[in-house]
Amino acid sequence: MPLLNSLFLNIKEGKAVRAAIPFIGVGEKERLHCFYGKAEPPAFNLSFPFGTLSTDQVDTSRTCMVIIDFADQTVAISADISKIKDDQTLELIAHETFNHSQSRGFFRVDANTKVSASIVIPEDMAEERANWILSGDTLDLSGSGLLCSFSEPIEIAKKVHIELTLPIRDMEEISALGHVVRCRKVGENFYHVALHFDSIDSESQDKIMACCFELQRRHLRMRVQVRN
């Protein structure tokens, strides 16, 4: 309990977090972006953007996992859902924490859009950069990274420039620096490459989060239509 209390003291009201929410009759938990709300520890609240949470389908008999990103680490909280407060808010009771240094890319939203990656090289070799640019498509997206499909592999841990077109509204372009987390061949001239953002400005990250919220709403509407 002391560790949990210390953790709650360091979480700001309204902080954007991610949660794996269990739904009735669905084995895999739904990964949603939401906002942290303070309560009497070990209780806390999660508030979801309007239209992203189907409260009548939430399975309160199962635990959920909440992922919180800090500057130097990512922490996962295992919690029970104690109450559905309204159609946008859940009350939870935390009972265990985990440090997940590699979990930043875990909570993602399916997203298909154009992306390119180019190698980061010294300025005195800048003319060579044009010879190393891969263009492909995203498979999923989060505020901390993305999974892409490319026609060629990229070495793990390689530093890259990332150019991304957000798949909503004005199709805004996002630029960031990152590195390759993993690369897997899935077919002839077809590779899945996971990229993690190392350097991205706050405005661009906010735009990505807004995009994820919008895509979640779309996915929820589709799921409800299919269920009906």
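Which side chains meet in a salt bridge at 3.2 Å, N to O? Those of Lys114 and Asp137. Hello everyone, let me start from that pair and walk you through a few contacts.

A word on the ground rules. This is a predicted model, where local features need pLDDT of at least 70 and side-chain atom pairs count only at pLDDT 80 or more, while totals for chains, interfaces and linings use all residues. Residues are numbered from 1 along each chain as its sequence is written, and side-chain values use heavy atoms, with hydrogens and water left out.

Back to our opening pair. By salt bridge I mean a side-chain nitrogen of Lys or Arg within 4 Å of a carboxyl oxygen of Asp or Glu. Lys114 sits in strand β8 (residues 114-119) and Asp137 in strand β9 (residues 133-142), so this bridge ties together parts that are 23 residues apart in sequence. Helices (H or I, at least four residues) and strands (E, at least two) are DSSP runs, numbered from the N terminus. Lys114 is exposed, with a relative accessible area of 55%, and Asp137 counts as partly exposed at 24%. For those words, buried is under 20% relative accessible area, exposed is over 50%, and partly exposed is in between, using a 1.4 Å probe and protein chains only.

How many salt bridges does the structure hold? There are 6. Another one joins Arg62 to Asp59, with the closest N and O atoms 3.8 Å apart. Here Arg62 is partly exposed at 23%, whereas Asp59 is buried at 14%.

Then please look at helix α2, residues 202-227, which holds both Glu203 and Lys207, 4 residues apart, or about one turn of the helix. Their side chains meet in a salt bridge at 3.6 Å, N to O. Lys207 is partly exposed, with a relative accessible area of 26%. Glu172 joins in as well: together with Glu203 and Lys207 it is part of a network of salt bridges.

Now for the aromatics. A search of the whole structure finds 3 aromatic pairs. Rings of Phe, Tyr and Trp (its six-membered ring) pair if their centres lie within 6.5 Å, and planes under 30 degrees apart count as stacked, over 60 as edge-to-face and the rest as tilted. Take Phe8 and Tyr36: the ring centres are 6.3 Å apart and the planes are at 15 degrees, so the pair is stacked. Phe8 belongs to helix α1 (residues 2-9) and Tyr36 to strand β2 (residues 30-38), so the contact ties together parts 28 residues apart in sequence. Both Phe8 and Tyr36 are buried. Tyr36 also pairs with Phe44, with centres 5.9 Å apart and planes at 25 degrees, so that pair is stacked too. Tyr36 has a relative accessible area of 4%, and Phe44, also buried, has 1%. Phe8, Tyr36 and Phe44 form one aromatic cluster.

Finally, some backbone details. The peptide bond from Pro41 to Pro42 is cis, with omega near 10 degrees, and Pro42 is in the loop between β2 and β3 (43-47).

Asn189 is not a glycine either, and has a positive phi of about 55 degrees. You will find Asn189 in the loop between β12 (173-187) and β13 (190-199), and this residue is exposed, at 52%.
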